[in-house]
Amino acid sequence: MKELQYLNKYFAKYKFQFLLGIFITIVAQIFSLFTPELIKDSINSVLSTAQDGSIHPEKVKGMLTNNLLLILATTLIGGILTFFMRQTLIVMSRHVEFDLKNEVFRQYENLSPSFYKKNRTGDLMNRISEDVGRVRQYVGPAIMYALNTVISFAVITTHMFTISPKLTFYTLLPLPILAYSIFWISQQINKRSTLYQQNLSKLSSFTQEMFSGIRIVKAYSLEKQKQDDFTELSRDSVAKNLSLAKVNALFGPFMILLIGISNLVVIYVGGMMYINGNIAEIGIIAQFVIYINRLTWPVASLGWISSMVQEAEASQKRINEFLKIQPDIQNNNPTHTPVLGQIAFNNVTFTYEDTNITALKNVSFTVNKGETLAILGRTGSGKSTILSLISRLYDVDKGKITVDNENVEDLNLYDLRNSIGFVPQDAFLFSDTISNNIKFGKEEASHDEIVAVAQKSMVHNNIIGFNKQYETILGERGITLSGGQKQRVSIARAMIKDAPILLLDDCLSAVDTETEEAILNNLLEFCKDKTTIIVSHRVSSAKNADKIIILEDGEILQQGTHNQLINQQGYYKELYLKQLSEKELQ
Ligand SMILES: Nc1ncnc2c1ncn2[C@@H]1O[C@H](COP(=O)(O)OP(=O)(O)OP(=O)(O)O)[C@@H](O)[C@H]1O
């Protein structure tokens with residue numbers, strides 16, 4: 001239960017519902033005592049009339065009608081109270097589930113990219129859905145049934161003891177066996193259902209990947225092979241489901257068997273006691289049969305509850321492991337720090353922890369506010385790493401990065417990131433409208449602003465060609481944009497943010513040279529007062545920059561302006577001549 005103590009703060013938060021739930025459960029159980037008592041009285045009076053006529057039949061009739069109405073009324077009240085018990089305790093568990101899901105999601109958002117590399121998406125999804133779901137089972141049904149069991153057991157057995165301690169003892173005798181058996185069956189059910197769930201997530205990951213890669217599957221005629229793989233997985237799923245169904249099927253008959261045995265014990269022992277004169281009225285036997293039936297479900301649910309608590313404990317342990325992780329990147333400055341845009345790298349060295357690749361070695365450069373820096377270099381030379389470090393997706397190992405002469409680690413993290421418009425290499429768009437995807441950079445942007453940035457990033461004409469124009473849904477539920485269109489929507493998103501720093505990571509690679517030229521011209525105007533860093537493989541993207549850096553294996557190989565670099569032997573000049581001749585060929 002150690003891990004589940006984490007949830008105590010939520011019990012404190014919802015203490016009103018919790019205490020009210022306990023109160024209602026107690027009252028409901030007290031009401032449940034009346035029906036067996038009334039049945040006992042009815043049987044006793046009928047028997048007295050039949051045996052010795054001690055009560056007048058007309059009087060018995062009146063008594064029976066009275067008792068019947070009372071039974072109806074107490075049952076109705078009991079039902080209403082049970083409804084309110086669920087309304088308070090189960091509704092409370094739904095609130096806790098909502099809060100916990102939000103807490104886990106907030107933590108996910110705070111964690112650094114390195115965390116996401118160490119954990120698989122399926123695992124992260126499970127924490128927020130299945131694990132939180134199991135914890136809710138503890139907060140809701142487990143606690144509700146546990147309360148119900150304890151209260152009904154206390155109320156009913158106390159009442160039974162006042163009637164006959166000996167009969168009570170025999171009546172309760174089979175109950176521990178019942179509780180243990182149900183515990184065993186519940187554990188079997190849980191084990192098998194976990195295996196089944198694991199298989200189901202394999203199956204859904206497989207199908208999901210198939211849907212994403214359907215074009216490759218078709219292009220390589222892999223349909224048959226994939227179908228066989230799917231059949232294999234499904235077969236496994238069926239086997240696991242059947243094994244679960246077998247144990248599930250045991251549950252019902254087992255309950256009925258044990259209830260039957262308990263009833264027999266009550267009737268046999270009660271009968272013997274009546275014959276020997278140890279109990280005064282035969283109606284007590286009927287009363288005890290009803291009590292034992294009332295107790296069976298709460299006692300049986302003890303086994304079920306303890307297995308639910310075990311599961312919740314394991315799930316909460318996994319959730320706690322995540323919640324306790326401190327994000328690698330911390331905001332070290334809670335005060336507001338406005339950013340103007342001068343960026344400097346001073347002997348920066350950076351190694352990716354997981355791959356141990358030193359992506360940058362002693363890199364130094366400065367970009368003044370309003371200047372443009374272009375970074376070129378072979379693939380894997382460390383260009384994107386420079387952009388990630390400016391946004392503090394990672395912190396440097398050696399050296400220092402400053403923005404406006406302040407170490408980035410001492411700036412307010414949210415102000416720093418808010419002052420950066422970033423266009424990543426793989427333009428990621430959400431499954432939402434084009435307009436919302438652009439507005440992601442500025443929530444309150446007007447339609448005119450959206451159109452203006454779409455025009456500057458040369459995607460407006462494509463958008464108005466779609467039936468629903470800016471309201472066109474992208475992604476799974478809508479249309480698929482071409483690689484170049486995606487890149488341009490992603491540029492529009494960064495532009496609308498109108499931040500003092502603009503980082504463009506090879507974001508024109510999928511557009512033709514003419515469109516590239518037009519976008520670059522627009523960017524020239526747009527970036528007049530912004531600090532811009534363009535990562536590219538093309539000289540055309542770099543030639544207008546104030547400074548150009550050539551990276552090789554994480555080190556700066558060359559730096560200067562376009563004119564300086566084309567007059568030096570080296571990577572830039574070679575690239576320039578190669579791309580010039582390619583252009584002439586076109
Ligand atoms: N998240 C990461 N975790 C571990 N290693 C990484 C990570 N990102 C990049 N690397 C490694 O760091 C080196 C530099 O990568 P980087 O992405 O900065 O290169 P790049 O110059 O931007 O390449 P490209 O032009 O292909 O985009 C590469 O060897 C790469 O394998």
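Strand E1, comprising residues 343-351 of this predicted model, contains Asn 347. Although Asn 347 is not a glycine, its phi is positive, at about 50 degrees. Asn 347 is partly exposed, because 13 other C-beta atoms lie within 10 Å, a count between the limits of 12 or fewer for an exposed residue and 20 or more for a buried one. A positive phi of about 50 degrees is also found at Asp 553, again a residue other than glycine. Asp 553 is located in the loop that links strand E9 (547-552) to strand E10 (555-560). With 14 other C-beta atoms within 10 Å, Asp 553 is likewise partly exposed.

Strand E6 (residues 420-423) is covered on both faces. Ile 420 and Phe 422 are buried on one side, and Gly 421 and Val 423 are buried on the other. Strand E6 runs parallel to strand E7 (residues 501-505), to which it is joined by four bridges. Within E7, Ile 501 is the bridge partner of Ile 420.

The ligand is surrounded by 15 residues, of which Tyr 352, Thr 379, Lys 383, Ser 384 and Thr 385 are the closest. Helix H12 (residues 383-390) supplies three residues, the largest share of this shell. By residue class, the shell consists of nine polar, three charged and three nonpolar residues.

An unreviewed UniProt entry assigns the feature "transmembrane region" to residues 16-34, 68-85, 142-161, 167-185 and 250-275. In the model, residues 68-85 are 100% helix and 0% strand, with 25 Å between the end C-alpha atoms. Residues 167-185 are 89% helix and 0% strand, and their end C-alpha atoms are separated by 29 Å.

Note on methods
Residues numbered from 1 in each chain as written. Predicted model: local features only at pLDDT ≥ 70, side-chain atom pairs only at ≥ 80, totals over all residues. Near = placed C-beta within 6 Å. Helix = DSSP H or I, 4+ residues; strand = E, 2+ residues; numbered from the N terminus. Nonpolar A, V, L, I, M, F, W, Y, C, P; charged D, E, K, R; others polar. UniProt positions renumbered as here; feature names shortened; annotations may be inferred. Pairing = 2+ DSSP bridges.
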